[in-house]
Amino acid sequence: MWRGDRTSHHGARLADARLAQAHGGELGHLDFLQVLCQDEITRRETVAFQRRLQRAKFEQQVTLEEFDFTASSKLPAPQIRDLGALRWLHAGESVILFGPVGVGKTHIAQALGHLAVRQGAHVRFAKTSRILADLAGGHAERTWEKRIRELIRPDVLILDDFAMRQLSAAQADDLYELVSERQGRSLIITSNRAPSDWYHLFPNPVVAESLLDRLINTSHQVIMNGPSYRPNKRPKNPTDRPVKPLA
C-alpha cells in the first residue's frame, strides 16, 4: 500500500479515537479541537521528517547517541558532542572529520546529518567519487547545471571519502564550482588524509589554494584517531571461540 494511504488511515483512526474521547466526556469541545489540531501538526511534522530522511540518502540510519565514544580514548568526544548542538549549521560553517580508516568518521558525519534533519534541515549524503562521476556525466549529457543545482540546494551536503586520490583538472574545477556556489551552506567532509595533504591532489595549485583555503578556514576540524571502530560494530558469531596463542 502507498505510504500516503497508510498515513491518512492512521490520521483517521486517531481522529476516531479523539471523537470517542469527546463522546465519553474525557474531552470538552474546545479541548477536542485543540487536541485534534495538535495531532494533525504532529502527523505533518512526522511525514515531513520522513521525507527529509529519505531524500538525505544516508547509507545507514545512525545517530550520535548510539556512537560508542569509549571505543578509543583518543577520540575527541567533547568536540564531537559539541558539534551535536549544530551551532556550525546555523552559522553556515562546515565540519571536516579526518583520520585513519575505520575510526567512525562516516558514522559521525551521518549522525550529525541526522540531527540536522531532525531540526528541519535538508541534507544530502554521497561519496565524493560518486558526486564527481555524476557531474562528469552532466558535462557529457549537457545536464551539468541541473546536477550541480541539486547539490547546491541542501542545507548540509556530506562529502564522504574526500581526497582519496589525485584529481583530474575537470574534477578539480567541478569541486571548485560546488564549494564556491555553496558558500554560506554547510559541508561535512570525511577524509583519510589531513587537510594539509589535500593540496598536492589538485593539478592546478591556484585552484587548490583558492578552494581549500576558503574551505578549511571556515570549518571545524576534528582529528579522529585510535583503533578501528568497525570490529566493535561487526556482528558477533555465538559459535566463535577465542583463539589460543601458539606455544
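Salt bridges, then: a search of the whole structure, which is a predicted model, finds 7 of them.

Start with Asp160 and Lys127. Their side chains meet in a salt bridge, 2.4 Å from N to O. Asp160 lies in strand β3, residues 156-160, and Lys127 in strand β2, residues 123-127, so this pair ties together parts that are 33 residues apart in sequence. How accessible are the two partners? Asp160 has 0% relative accessibility and counts as buried, while Lys127, at 23%, counts as partly exposed. Both residues also belong to a network of salt bridges that links Glu59, Lys127, Asp160 and Asp161.

Next, Glu141 and Arg147. Here the N to O figure is 2.7 Å. Glu141 counts as exposed, at 52% relative accessibility. Arg147 is at 16%, and because the cut-off for buried is under 20%, Arg147 counts as buried.

Arg87 and Asp82 form another salt bridge, with the closest N and O atoms 2.2 Å apart. Asp82 is partly exposed, its relative accessible area being 41%.

Now the helix pair. Helix α7, residues 144-152, packs with helix α8, residues 169-181, at about 45°, and the axes are 10 Å apart. The two helices are therefore oblique to each other, and α7 passes α8 in a right-handed crossing. Which residues make the contact? From α7 they are Trp144, Ile148, Leu151 and Ile152; from α8, Asp174, Glu177, Leu178 and Glu181. Sorted by class, that contact has 5 nonpolar residues, 3 charged and no polar ones.

That's it from me.

Notes:
Residues are numbered from 1 along each chain as its sequence is written. This is a predicted model: local features need pLDDT of at least 70, side-chain atom pairs count only at pLDDT 80 or more; totals for chains, interfaces and linings use all residues. Side-chain values use heavy atoms; hydrogens and water are left out. Axes are lines fitted to C-alpha atoms, for helices over the stretch in contact, and angles run from 0 to 180 degrees between N-to-C directions. Helices (H or I, at least four residues) and strands (E, at least two) are DSSP runs, numbered from the N terminus. Angles under 35 degrees count as roughly parallel, over 145 as roughly antiparallel, 65 to 115 as roughly perpendicular and the rest as oblique. A crossing is left-handed if the near helix is turned anticlockwise from the far one by less than a right angle, and right-handed if clockwise. Contact means heavy atoms within 4.5 Å. Ala, Val, Leu, Ile, Met, Phe, Trp, Tyr, Cys and Pro count as nonpolar, Asp, Glu, Lys and Arg as charged, and the others, Gly among them, as polar. A salt bridge is a side-chain nitrogen of Lys or Arg within 4 Å of a carboxyl oxygen of Asp or Glu. Buried means under 20% relative accessible area, exposed over 50%, partly exposed in between (1.4 Å probe, protein chains only).
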